[in-house]
Amino acid sequence: MTDHRQTLVTQKLFSLLQEIEEVGEVPCSNFPDAFHPEPGNGGYQDTIWAKELCSKCPVLQSCRTYAIDAIEQSGIWGGLTPIERRKIRTTERNATKALYGNQ
Ligand code: SF4
């Protein structure tokens, strides 16, 4: 990650933490294990449940944007699994290449 990109990601994390502080509490604070489901150990149900909780979270958009940009490798962030976030990054990267070419 370039220094510039790292700075942007750090700013997004700071903004996310600030938003969480402003709203007081977010659903994942009370159920941290559900947001890091383990495959084959009730993980699928935990994933569904975590996504449902995220859908009601007041900081969903900031959380999602941060996790995508930070390339968070595990856990449910902003209602998305690591695979879903990877697909979004790939789509964004392909769209950028289509617009600007390989720079
Ligand atoms: S959107 Fe982010 S902060 Fe909100 S519950 Fe989901 S993981 Fe937690």
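At what angle do helix 1 and helix 3 pack, and how far apart are their axes? I looked that up before anything else.

**Ground rules.** My model is predicted, so I noted that local features need pLDDT of at least 70, side-chain atom pairs count only at pLDDT 80 or more, and totals for chains, interfaces and linings use all residues. Residues are numbered from 1 along each chain as its sequence is written.

**The pair.** I found that helix 1 (residues 3–23) and helix 3 (residues 60–70) pack at about 155 degrees, their axes 9 Å apart. Axes here are lines fitted to C-alpha atoms, for helices over the stretch in contact, and angles run from 0 to 180 degrees between N-to-C directions. Helices are DSSP runs (H or I, at least four residues) and strands are too (E, at least two), numbered from the N terminus. The two helices are therefore roughly antiparallel, a label for angles over 145 degrees.

**Who touches whom.** Helix 1 brings Leu8, Val9, Lys12, Leu13, Ser15, Leu16 and Glu19 to the contact, and helix 3 brings Ser62, Cys63, Thr65, Tyr66, Asp69 and Ala70. In contact means C-beta atoms, placed from the backbone, within 7 Å. By class I get seven nonpolar, three polar and three charged residues. Ala, Val, Leu, Ile, Met, Phe, Trp, Tyr, Cys and Pro count as nonpolar, Asp, Glu, Lys and Arg as charged, and the others, Gly among them, as polar.

**Ligand.** I see 14 residues around the ligand, the closest being Val26, Cys28, Cys54, Cys57 and Cys63; the cut-off is a C-beta atom, placed from the backbone, within 6 Å. Helix 2 (43–55) and helix 3 each give at least two residues to this shell. The shell has twelve nonpolar residues, two polar and no charged.

**Whole chain.** I note four helices and zero strands. The C-alpha atoms fill a box of roughly 45 × 35 × 20 Å along the principal axes. Mean pLDDT (the predictor's confidence in each residue, from 0 to 100) is 93 for the chain, and 99% of the residues score at least 70. Among the elements, helix 2 has the lowest mean (94) and helix 3 the highest (97).

Key: Angles under 35 degrees count as roughly parallel, over 145 as roughly antiparallel, 65 to 115 as roughly perpendicular and the rest as oblique. Two residues are in contact if their C-beta atoms, placed from the backbone, lie within 7 Å.
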